[in-house]
Amino acid sequence: MIFTKLYAAAETNTWGSVGKAKEKGFFDFEFITWMAWTWQTAAFFIFIACCLIAMTIWEKKKPGGSPRKGILGLDTTRGDRLFVSLLSAAYIHLGWLGLIGPMLWIATIISFIFAFFVFRYV
Amino acid sequence: MNKTVNQKAWFFVIPVFVLVAFNAIIPLMTVVNYAFQETFGNNVFMWEGTRWFKQILLSERFHAALGRQILFTLIILFIQIPLGIFIALTMPKEGIGVSVCLVLMSMPLLIPWNVVGAMWNIFALPDIGFLGHSLNALGFDYNFTQQSGDAWFTTVLMDVWHWTSLVVLLSYAGLRSIQPAYYQAAEIDGASRWSVFRHIELPKMKKVLTIAILLRFMDSFMIYTEPFVLTGGGPGNATAFLSIDLVKMALGQFDLGPAAAMSLIYFFIVLTVCWVFYNLMMKNEGQS
């Protein structure tokens, strides 16, 4: 019921356009409008995909995943370090939002610095 | 002999990949998309940025639900793990008793979760249920539909009834894998029952217990069906654990944005705990 009527892509919507049907453009992918893509979230997932591709290329160039025992006393490979970096980035962003609030891009910078140290030492 | 490199085997992975894409990756991406937008249905979405995350992180309701969830998980872990080990230790080691015990132990695990909830709901009803009626007849003022303490007691009791057997079965498997030579050596040394447990049985059960704790943690942390059928999260919000609260927000109030933000935070917590346990298990593997 709710999701049967199809409207235009999400990015063009503002509060003023609530409830108004839009003309269907050439690039309206009706079958995925329910996924509510925005360019920001798409950019995020493209970034994740790029990370995975980069890791694959890295693994091709230097196979084995460079395992080592890091400062946490854990045996980690490159993949583990990427996982830890991404998960920490999530927590850094959430912590920033919850404790500080504005200027979230600083949290992003902190996350990248943190990821660098994770890849270097963990 | 030179092996030819053949990557065609990757095609066999495609079905699994498609399956995972449809039941995990695409829904998860959608949740991420929803977490940044407001919607009133009809596929109309308005960009809200990080507003929902901020709202959830600062919301009393989320803190309360998370607190209840952690408390519940800790309570059932502290009951089920020791109780499970204890039952496994007292189970017979040979003879017909083994099969009887194993079958009896598996019974609760085979019952669908909503049936468990319904069973316990009727069992605990204060006027007609066996448990509720008996408790009231004994002079306890018991009513799980109205008193939050009783609701907690019933929910915990139900979970212990349902899932302790899993810990028992895992611990029992761990105990059976210990060579008799260890016990013989302990007997020669004149070790007490406690030191046999502390220095032989417990270390040997470490691997299975890690898995048992992980499974029990995850299942109880994501518990939904049983308390939903038993108490529906009530009375009030007394037993509204994270999943119940999440569904209330997403489907009850149709607040898809905040619910999506909440599920992502929930997801990160679960992911972190999984990662910690995974590393613990890998350490155990490395030691043996």
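A:Met103 is placed in the loop between helix 2 and helix 3 of chain A. The model described here is a predicted one. In this model A:Met103 has a positive phi of about 55°, although the residue is not a glycine.

- A:Met103 is exposed, because 9 other C-beta atoms lie within 10 Å and a residue with 12 or fewer counts as exposed.
- A:Leu104 counts as partly exposed, because 15 C-beta neighbours lie inside 10 Å; this number falls between the limit of 12 or fewer for exposed residues and that of 20 or more for buried residues.
- A:Leu104 and A:Leu94 are separated by 10 residues in sequence and by 9.5 Å in space, C-alpha to C-alpha.

**The segment before helix 1 of chain A**

- A:Ala36 belongs to the segment before helix 1 of chain A.
- The phi of A:Ala36 is near 55°, which is a positive value in a residue other than glycine.
- A:Ala36 counts as buried, because 25 C-beta neighbours are found inside 10 Å and the cut-off for a buried residue is 20 or more.

**The contact between chain A and chain B**

- In the contact between the two chains, 29 residues of chain A meet 27 residues of chain B.
- On the side of chain A that touches chain B, helix 1 (39-61) and helix 2 (78-99) of chain A each supply at least two residues.
- Helix 2 of chain A gives the largest share of that side, with six residues.
- By residue type, the side of chain A that touches chain B comprises 19 nonpolar, eight polar and two charged residues.

**The overall form of chain B**

- Chain B contains 12 helices and two strands.
- Along the sequence, these elements of chain B follow the pattern α-β-β-α-α-α-α-α-α-α-α-α-α-α.
- The radius of gyration of chain B is 24 Å, whereas a compact globule of 288 residues would have a value near 19 Å.
- The C-alpha trace of chain B spans about 80 × 75 × 30 Å along its principal axes.
- Of the 288 residues of chain B, 29% count as buried.
- Among the contacts in chain B with a separation of 6 or more, 69% join residues 24 or more positions apart.

- Helix 1 of chain B, residues 14-35, has 22 residues.
- From its first C-alpha to its last, helix 1 of chain B reaches 29 Å, close to the 32 Å expected at 1.5 Å a residue.
- A bend of about 50° occurs in helix 1 of chain B at B:Ala21.
- The buried residues in helix 1 of chain B include B:Met29, B:Val32, B:Asn33, B:Tyr34 and B:Ala35.
- In helix 11 of chain B (residues 242-252), the buried residues include B:Leu242, B:Ser243, B:Ile244, B:Asp245, B:Leu246 and B:Met249.
- B:Phe254, which follows helix 11 of chain B, has a positive phi near 55°.

Definitions and conventions:
Residues numbered from 1 in each chain as written. Chains lettered and ligands numbered in written order. Predicted model: local features only at pLDDT ≥ 70, side-chain atom pairs only at ≥ 80, totals over all residues. Helix = DSSP H or I, 4+ residues; strand = E, 2+ residues; numbered from the N terminus. Expected span 1.5 Å × (residues − 1). Bend = angle between axes of the 7 residues up to and from the residue. Contact = placed C-beta atoms within 7 Å. Nonpolar A, V, L, I, M, F, W, Y, C, P; charged D, E, K, R; others polar. Rg over C-alpha atoms; globule rule 2.2 N^0.38 Å.
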